[in-house]
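Hello,

Here is the structure I promised to pass on. Please look it over first, then read my notes below.

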Amino acid sequence: MKKLINNPADVLVESLRGVALAHPELSVDLDNHVITRATPKAQGKVAVVSGGGSGHEPLHGGYVGVGMLDAAVAGEVFTSPTPDRVQVATKAVDRGAGVLHIVKNYTGDVLNFEMAAELAAMEGIEVGTVIVDDDVAVQDSLYTAGRRGVGLTVLLEKLVGAAAEEGQDLAAVVELAKRINGQGRSMGMALTSCTVPAAGKPTFDLPDDQMEIGIGIHGEPGRHREPLAPAADIARQLVEPILADLDVAGPAIVMLNGMGGSPLIELYLMYGEVAALLEKAGVQIARNLVGDYITSLDMAGCSLTVLKADDELLRLWDAPVNTPGLRWGA
């Protein structure tokens, strides 16, 4: 294992310490592994909280800031944050108008955020929740009942964060979040495994001449394994399952995401391939992201997310955002 670390047991806390030093606009609670805005939003606005296991950076901590999240809770690598820490984050950012929890559909995350919401309710904080389950690759996996929550989480945090920033109430923000979840789908693939620091070896074995189609962001098995193919064929295997699952014809927000170990030159090449296929299928790419936005440590590979958009979603997308991971118009 070759990694820029000290003791594998200290990776999360030492990384969070670096975040605090690099971003004075953020406040980092090293005891509870919670990142919040150093300057809270105005009283009377809905707060937005997300989180999950570490190893997916910039998700979630990189999206704390104006126009996105108010707080992110970091679990250990690929491990859900505990309910008490989610509750700490929820209480810290509540501005009197309720808090939205954005939860990826992994059993530990769902249970722990649910318990945290119950703890918050006991303190008089109203919590709404959306479960993100956009992965079309598999119905159930090692960590989920139902579809996994993957790339759509990034787009949802941006759009819902903008709605909360402009003052929409909790009921409206929850409804928007659920609508977005229903209109977006994702599909991923891997060229290599990833290596969890505490494990010290790859999560799974993937020969150099093979690839995994439908991989999860923790290295969960996908739909199938097959010989390595040209980018055009890989693009087809990402696009076709999405189109088969949801009618996304018309305007869309599209993200071609790197899994952490693939260079941008390859990601832009892949974007060119998927864009051509989507446009041929009647998808009008109104907005896009290309880069590493939700990763799996050092895994090489990529994922595609397509969100069916309308004028309202495009307006929220264009709203100013100022976070370490996304920034425009601010």
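**What I found**

Trp317 is buried, with 4% relative accessibility. Buried means under 20% relative accessible area, exposed means over 50%, and partly exposed is in between (1.4 Å probe, protein chains only). Before going on, note that this is a predicted model, in which local features need pLDDT of at least 70, side-chain atom pairs count only at pLDDT 80 or more, and totals for chains, interfaces and linings use all residues. Residues are numbered from 1 along each chain as its sequence is written, and side-chain values use heavy atoms, with hydrogens and water left out.

**The tryptophan pair**

Rings of Phe, Tyr and Trp (its six-membered ring) pair if their centres lie within 6.5 Å; planes under 30 degrees apart are stacked, over 60 edge-to-face, and the rest tilted. By this rule there is 1 aromatic pair. Trp317 and Trp328 form it, and it is tilted: 5.3 Å centre to centre, with 45 degrees between the planes. Trp317 sits in helix α8 (residues 311-318) and Trp328 in strand β14 (residues 327-328), so the pair ties together parts 11 residues apart in sequence. Helices (H or I, at least four residues) and strands (E, at least two) are DSSP runs, numbered from the N terminus. Trp328 is partly exposed, at 24% relative accessibility.

Two packed helices are described by the angle between their axes and the distance between the axes. Axes are lines fitted to C-alpha atoms, for helices over the stretch in contact, and angles run from 0 to 180 degrees between N-to-C directions.

- Helix α4 (residues 152-165) packs with α8 at about 85 degrees, with the axes 8 Å apart. The two are therefore roughly perpendicular. That label covers 65 to 115 degrees; under 35 is roughly parallel, over 145 roughly antiparallel, and the rest oblique. On the α4 side, the contact uses Leu155, Lys158, Leu159, Ala162 and Ala163; on the α8 side, Leu313, Leu316 and Trp317. Contact means heavy atoms within 4.5 Å. By class, the residues are 7 nonpolar, no polar and 1 charged. Ala, Val, Leu, Ile, Met, Phe, Trp, Tyr, Cys and Pro count as nonpolar, Asp, Glu, Lys and Arg as charged, and the others, Gly among them, as polar.
- Helix α5 (residues 170-183) packs with α8 at about 105 degrees, with the axes 12 Å apart. This pair is also roughly perpendicular. Leu176, Arg179, Ile180 and Gln183 of α5 meet Glu312, Leu313 and Leu316 of α8.

**Cysteines**

How many disulfides does the whole structure hold? The search finds 0. A disulfide would be a pair of cysteine sulfur atoms within 2.5 Å. For Cys194, the nearest cysteine sulfur is that of Cys302, 15 Å away. Cys194 is buried at 0% relative accessibility. Cys302 is buried too, at 4%.

**Two single residues**

Ala190 lies in strand β7 (residues 184-190). Ala190 is buried, at 0% relative accessibility. Beyond its neighbours within four places in sequence, Ala190 contacts Leu206, Met211, Glu212, Ile215, Met299, Ala300 and Gly301.

Lys45 is in the loop between β2 (34-37) and β3 (47-54). Lys45 is partly exposed, at 23% relative accessibility. Not counting residues up to four places away in sequence, Lys45 touches Arg95, Ala97, Gly98, Ala164, Glu165 and Gly167.

Best wishes
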